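Dear colleague,

My notes on what was found in it follow directly after.

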Amino acid sequence: MTATEPQHVRLPLATAGEVRQALRHYVRSHRVLTATTIVLAAAAALSGLVAPWAIGLMVDAVLSGGERSEIITLAAWVAGAGALSAVLTAVSAALVARVGQRVLARMREDVVSTALRLPPGQLEEAGRGDLASRVGDDVGVVSEVIASLLAPWVGAALTVVLTIAGLGALNPWLALAGLASIPVYVLSLRWYLPRAAPRYSAERAAFGDRAEALVSSLDGRQTVHAYGAEDAHVATITAASDRARKLSRDVLWFATGWGKWMNIAEAVGLGAIIATGFVLVSTEAATVGAVTAAALYFHRLFNPLGLIIFSFDEMQSAAASLQRMIGVIEAGRSLEAVPPVAEKPSGTIEGRRITHRYGDHEVLHEVSIEVAPGEQIALVGPSGAGKSTLATILAGLTDPDEGAVSVGGSPIERYARTHPRPVVLVSQEVHVFAGPLVDDVRLGRADATDEDVSKALTLVGADGWVAALPEGIHTPVGELGHALTAEQVAHVALARAALADPAVLLLDEATAESGSRGASRLESAAAAVLAGRTGLVIAHRLQQAQHADRVLVMADGAITETGTHEELLEADGVYAQMWSAYDSGR
Amino acid sequence: MVTSVPVPGSTKREPLRREILRRQRPRVVGSALCLVGHQSCEALVPVAIGLAIDAAVVSGSVPLLTLSLAGIALLFTVLTMCYRWFARLAQGAVIDESHALRAELARKVLTPGASRRKHGELLVIASSDADQSADSIIWVSGLVGASAALAVSCGVLLSIDLRLGAILIATAVVVTLALNALSPLISRRVGDQQESLAGASALATDLMAGLRVLHGLGAQDNATARYRTVSHAAEVAGIRAGMAKSLQQGASVLAGTIVLAVSVGVAGLLALDGAITVGAFVAAVGAAQFIAEPLTAIGLYLQVGASAKASAGRMGAVLAESPAPAVEQPSEDSRIDLKPGEFVGIVAEPGDLDRVAAALRSPDGARMHVEPHRADLFAGSIAENLALGRADTDPSDPSDAVDAAGAREFIDAQPAGLDERLRDRGLTLSGGQRQRLALARALHTDPEVLVLVEPTTAVDSMTENLIADGIRELRHGEARPERTTVVVTSSPVLLARTDRVIILRADDDPIDGTHHELLASHDSYRTRILG
């Protein structure tokens with residue numbers, strides 16, 4: 001990445017062409033299966049055309065006083081063709097589901113794997129939310145449509161096309177009469193879709209607001225009660241729900257008002273066929289049977305056409321979601337494939353003249369830092385000094401605008417795809433992954449055994465509470481699982497890092513949230529993980545700085561003081577002031 | 001700590017489903033009548049085709065053609081109007097009713113001492129269960145409408161020819177019932193599929209939420225592998241559900257074929273014998289095919305009713321819950337009497353916070369506010385959040401509270417300052433920023449007695465210092481001599497500012513003293529506070 005490129009890219013939206021190309025790419029691996037599916041589905045729709053045609057012949061046979069055997073033969077044709085169509089429909093629909101599900105699964109896996117590999121430093125905060133909704137909601141929308149609509153849609157589309165072709169074979173004029181309904185369908189749909197979209201999205205947004213109002217009040221019930229703000233919150237929820245109610249009614253009135261056009265199109269087509277048939281029969285250009293067959297063909301189109309028209313919205317929103325999904329894959333195309341590195345580097349880490357900006361705001365200005373193997377550094381300074389940014393850059397998670405980072409003498413970018421990483425950052429952001437605790441800790445090193453995980457948990461002093469869990473290390477944790485305290489969550493984060501066994505460990509306020517008593521326990525846990533490696537700790541409590549080999553004081557994006565605790569106290573600068581403020585409580 | 005389980009509600013309240021139907025009776029009746037009209041018209045479309053062919057096409061009479069076309073136009077007009085008003089009345093009632101249920105539920109669960117259910121469960125009940133309970137309206141009017149359509153089709157068939165009608169109705173009923181036998185298989189497979197899909201979505205969202213952690217560990221490939229496993233399971237479940245549905249699709253084609261073949265055979269022979277006209281033949285074939293629709297619809301509406309019943313059951317249970325009994329008062333000897341104007345520090349075990357709050361006695365019934373440790377913020381501007389504890393009519397300036405809480409700098413850094421709107425319950429702010437906003441809110445509430453629980457765990461040492469001074473100055477400066485403040489904490493910075501410190505012990509009497517006295521006299525206090 002060069003300095004001229006924008007730092008915080010928004011995720012792209014794939015163009016229609018890119019979506020088509022991507023779909024072709026995925027379908028290509030199931031070429032034979034796809035072709036077979038289409039042939040079978042077409043055959044199913046074709047055999048469905050036999051019945052109206054046979055009924056038409058039967059009408060003519062009745063009118064011309066035919067034989068009983070003729071009727072029985074035609075009924076047998078109806079039965080035979082219908083049975084064949086039933087079998088073909090079942091087989092082709094099963095194949096459509098198979099192809100659809102396979103393509104979908106590969107696609108969502110590619111989306112998630114790309115999303116995980118996108119360099120985090122390049123995603124702005126809004127971009128992360130966007131990414132989460134693309135891998136969660138958008139994949140969900142497309143999956144739902146493929147599961148519930150793909151097979152019926154393919155069947156309906158083929159039925160419509162082939163029925164119109166069948167009408168044409170029966171009598172071109174009758175086909176033309178039936179086609180008179182098509183402009184009504186097309187024009188009304190063209191009127192409807194652009195007007196429906198904003199209504200539906202306003203309704204969805206109102207649903208979102210309603211959910212937000214419910215979640216915030218329910219989740220913050222304790223605070224609501226503490227402030228006696230129940231009435232205000234009930235009023236907020238009721239207002240949000242009422243807005244959604246009004247929009248839903250608006251959508252309902254609009255959609256049902258428009259729905260008449262479907263019936264109008266049906267009536268127009270049916271009337272045209274009967275009127276045309278009347279003329280054709282009067283001029284002996286067609287038999288009564290042919291007209292009957294045509295009217296029945298057309299009646300058979302009502303359901304498939306309705307299915308297509310009424311699911312147009314859903315198909316459109318699936319297409320939009322598909323654009324967002326493929327957009328993620330497109331964003332990952334420019335990622336270089338860096339091969340994993342087997343050997344572990346030494347614990348030297350060096351940052352040279354690092355400058356970094358967020359927008360116009362320069363958060364780091366030409367910061368240089370060098371840490372020797374095994375050295376323990378404490379980084380202190382007020383919020384906003386750039387400590388966390390420096391840590392993510394040293395960890396190789398964000399490319400600095402200017403400057404470079406090396407570990408063990410080679411550029412950190414070399415280790416981009418190496419697991420476990422030689423430089424591990426335990427960040428301010430804590431997260432417990434849903435699932436068994438052992439799987440969560442194992443994220444530190446994929447090939448770790450259960451014993452390795454237990455050892456890592458013991459090292460950080462978590463063995464006590466883990467043993468007390470209902471299923472030990474196999475207890476489900478995270479969302480819907482066993483709730484962990486802040487201190488336990490910090491233990492898990494440290495245990496992952498211990499398991500990863502990095503040459504360099506960066507700790508960013510990992511012990512901040514858990515209260516002073518827990519904090520001192522966590523400090524010893526952190527010390528146990530840091531032992532024997534290069535360490536850089538963003539110290540929250542100055543106690544942590546006291547025992548470091550070297551303390552770096554940051555302010556306004558630069559390192560302003562450096563030295564041991566005692567040296568800095570003697571120098572009587574910012575650190576000495578911070579310490580005396582901190583120490584005043586003693 | 002007293003545990004209280006929600007007491008199952010008394011049976012005084014009528015079942016929710018019945019209550020909904022009673023409340024919406026006019027619209028339930030109206031929509032049912034409209035659906036009867038619509039379904040009857042749908043049943044009459046094939047009859048109209050037959051009549052038009054018989055009357056106009058076979059006869060060649062222009063006036064009859066005109067009449068036929070006018071008849072078709074009229075039929076479709078009635079059909080479409082009936083459907084429109086069925087949808088508006090029924091769906092409109094569902095929309096209104098689910099809103100009313102949601103509002104009632106919100107009031108119920110936000111009442112102090114109400115349901116102790118998890119908020120995730122309550123959210124599901126307030127969202128999808130409210131909607132599905134209201135679907136009881138669709139259940140009733142749908143069943144009535146579909147049954148009427150069934151009656152019309154049977155009437156048409158029987159009026160064409162009794163024998164024909166009897167044979168066709170019997171065939172259609174048997175075939176449709178056989179077809180409905182497949183639906184448990186399908187709902188089971190579709191359920192499995194939706195569950196596995198939801199699992200995949202939840203995992204993807206979870207991985208994205210922990211993206212920074214994964215990057216910090218370089219665990220992306222590991223995470224991808226985990227997702228692939230879940231995605232593959234969803235794929236297999238999707239294919240299985242797809243096979244069940246394709247089986248049903250094929251079976252319904254087969255069912256239609258059986259009805260059609262029987263109807264064309266029998267009606268064709270009758271027409272050939274001259275027992276019925278060509279038009280009647282077309283009408284009979286059409287009506288026989290249509291019968292499957294109301295029969296299937298009845299099955300569908302029964303399912304709607306079943307899920308409405310389940311949802312209404314869950315919803316009704318919450319609405320009928322009695323409030324949980326109040327927290328048990330602690331015995332008199334463990335109470336802590338507060339004196340007006342003092343600043344007290346309390347050192348307690350993390351699990352004891354509820355006990356501490358219950359033990360505190362404010363001087364002469366003064367108003368006490370306990371700010372929870374968890375910094376919950378709400379939608380709205382920062383200023384609105386800060387004014388949560390103030391009366392709506394009170395426009396006082398929160399500046400002093402903001403300064404005391406050390407929140408001035410980052411609030412000023414927001415594009416709109418105090419008017420900046422919080423997104424996602426303030427979760428876009430850092431933990432330290434949320435904590436300072438919650439503290440500013442508590443200080444701005446300005447109660448006579450304020451209890452703060454570990455208010456500075458997420459801020460850095462320098463800021464903590466400023467906050468400790470700020471609290472002291474704001475609540476115990478010259479302007480407010482009578483305010484009482486309690487901090488439950490083990491932070492030396494905060495404790496050093498207090499007038500006295502109380503150490504609560506699990507099985508022993510509390511120890512009382514100033515911070516410096518206790519540091520000098522109690523080694524256990526010293527190690528606990530200073531590490």
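How much area do chain A and chain B bury between them, and what percentage of it is on carbon and sulfur atoms? In this predicted model, the two chains bury about 12400 Å² between them, and carbon and sulfur atoms account for 64% of that area. On the side of chain A, the residues that lose the most area to chain B are A:L116, A:Y227 and A:F278; together they make up 7% of what that side buries. As for the residues taking part in the contact, 145 come from chain A and 138 from chain B.

Within the side of chain A that touches chain B, helix α4 of chain A (residues 68-117) provides the largest share, with 27 residues. By residue class, that side of chain A consists of 69 nonpolar, 42 polar and 34 charged residues.

Finally, a word on the domains. Chain A is divided into domain 1, covering 16-336, and domain 2, covering 349-585. The centres of these two domains of chain A, taken over C-alpha atoms, are separated by 52 Å.

With kind regards

Methods: Residues are numbered from 1 along each chain as its sequence is written. Chains are lettered from A and ligands numbered from 1 in the order in which they are written. This is a predicted model: local features need pLDDT of at least 70, side-chain atom pairs count only at pLDDT 80 or more; totals for chains, interfaces and linings use all residues. Side-chain values use heavy atoms; hydrogens and water are left out. Contact means heavy atoms within 4.5 Å. Buried area is the accessible area (1.4 Å probe) that two parts lose on being put together, summed over both. Helices (H or I, at least four residues) and strands (E, at least two) are DSSP runs, numbered from the N terminus. Ala, Val, Leu, Ile, Met, Phe, Trp, Tyr, Cys and Pro count as nonpolar, Asp, Glu, Lys and Arg as charged, and the others, Gly among them, as polar. Domain bounds come from an automatic or database domain assignment.
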